[in-house]
Amino acid sequence: MNIKPLADRVLIEPTAAEETTLGGIIIPDSAKEKPLKGTVLAVGNGTKDEEMVLKEGDVVLFGKYAGTEIELDGKKYMIMRQSDVLAVVG
């Protein structure tokens, strides 16, 4: 994979959603919450107004509707602006 985000954007690999069961009933993927945690795989160079504080390998939290989901080689990724990231975990 060779994706280089531009400007103040970051590429994130979302953490896989955990399998949820409810009294023996398996909830389908379409009804599960979108992952809100992921790992930064690549970052842009920033803009003249916004310095990049995120770096590759950071584990981050992001909003439910943040960014754009893309699929490459059968894997799903998120690309979003650095400002859409809510926090860096640990």
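This is a predicted model: local features need pLDDT of at least 70, side-chain atom pairs count only at pLDDT 80 or more; totals for chains, interfaces and linings use all residues.
## Strands from end to end

The protein chain has 8 strands and 0 helices.

## The chain as a whole

The protein chain has 90 residues, and 27% of them count as buried. Its accessible surface is about 6,200 Å², with 52% belonging to carbon and sulfur atoms.

How do contacts link parts of the sequence? Among contacts between residues at least 6 apart in sequence, 63% join residues at least 24 apart.

## Asp8, a buried residue

Now let's zoom in on Asp8, found in the segment before β1, the strand that covers 9–14. Is Asp8 buried or exposed? Asp8 counts as buried because its relative accessibility is 6%, and the cut-off for buried is under 20%.

Which residues does Asp8 touch, leaving aside its neighbours within four places in sequence? Asp8 is in contact with Gly46, Thr47, Glu50, Met52, Met80, Arg81 and Gln82. With Arg81 there is also a polar contact between the two side chains, at 2.8 Å.

Our next stop is Leu61, in strand β5, which spans residues 59–62. Leu61 has 34% relative accessibility, so it counts as partly exposed.

Leu61 also belongs to a nonpolar patch on the surface, together with Leu86 and Val89. Together, these three residues have about 250 Å² of accessible area.

Definitions and conventions
Residues are numbered from 1 along each chain as its sequence is written. Side-chain values use heavy atoms; hydrogens and water are left out. Patches are made of residues with over 30% relative accessible area and no salt bridge: like charges are joined within 9 Å, nonpolar side chains (Val, Leu, Ile, Met, Phe, Trp, Tyr) within 5 Å. Accessible areas come from the Shrake-Rupley method with a 1.4 Å probe; for residues, only the protein chains shown count as cover. A salt bridge is a side-chain nitrogen of Lys or Arg within 4 Å of a carboxyl oxygen of Asp or Glu. Helices (H or I, at least four residues) and strands (E, at least two) are DSSP runs, numbered from the N terminus. Buried means under 20% relative accessible area, exposed over 50%, partly exposed in between (1.4 Å probe, protein chains only). Contact means heavy atoms within 4.5 Å. A polar contact is a pair of N or O atoms within 3.5 Å; within protein, one must be able to donate a hydrogen and the other to accept it, and residues adjacent in sequence count only if both atoms are side-chain atoms.
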